[in-house]
Amino acid sequence: MTTTFPDISISTERLVLRALEEADAPAFAEMMNDELVISWTSVSHPYTEAEARAWLTEGAPAERTEGRGIVLAVTEFLTQRLVGVVQLRAADWRVRSAEAAYIIAPWARGEGYACEALLAVAQWLFQDQKFERIELRTAADNTAAQQVAQKIGCISEGVLRGAWIARGKDTEGGWQEFRTDLIVWSLLPEDLEGVADQLADSGGFTAFSDWS
């Protein structure tokens, strides 16, 4: 049984998802130092370009080659600019399930890129890789991430109480950690039926993806 994902590229109407490259390091580091990324992830702060380069050249490729998942750069088709990152992690090759996580650069938010990228990855994972379940976990106060989960057809399954450490600015501008709940969402192949078409009908992107 195959226990690693292939080295692939996924194309949509507006995006190309591909392996991260060392040349992405400056844009990746800038994205990871955004306040919302710091707030809702466990990324180190400040996040240096050296850390970015190490992740892009060693950490991310190892996720795929060692069977844990896959990390894909999300880039604009026309400009090739780095929009964000989608990661599949904790891959269970017997159950055929994986957890999805994503980050979108601050300049690219509000354009529907998160939904477009996640749907493309889900279509590839379900159709090409024959997986049966994707899981997302969103912090209880991260309403933007919850809206993305709902838009792509995810079903809320419950709450993991006190399961995450988030960060927020204090009155003096420093970062404080606080414990928060996680909402668990799931996406099954049948949940995708009509979702991309609904987004297209509402003025979003065209329902199309291709991979190679």
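I take two strands as paired if DSSP finds at least two bridges between them. Helices (H or I, at least four residues) and strands (E, at least two) are DSSP runs, numbered from the N terminus.

Source notes. The model is predicted: local features need pLDDT of at least 70, side-chain atom pairs count only at pLDDT 80 or more, and totals for chains, interfaces and linings use all residues. Residues are numbered from 1 along each chain as its sequence is written, and side-chain values use heavy atoms, with hydrogens and water left out.

Entry on β4. I looked up strand β4, residues 82–92, and found 8 of its 11 residues buried (under 20% relative accessible area, with exposed over 50% and partly exposed in between; 1.4 Å probe, protein chains only).

Entry on its partners. Strand β3 (residues 70–76) runs antiparallel to β4, joined by 6 bridges. The two form a hairpin with 5 residues between them, and Q80 in that turn has a positive phi of about 65 degrees.

Entry on L88. Which residue of β5 stands opposite L88? I find A100 there.

Entry on the core. A nonpolar core is a set of buried Ala, Val, Leu, Ile, Met, Phe, Trp, Tyr and Cys residues joined through side-chain atoms within 4.5 Å. The largest has 41 residues, and L88 is among those that touch the most other members, with F5, I10, L17, I134 and L187. I note α4 (113–127) among the elements supplying at least two residues each; α4 gives the most, 12 residues.
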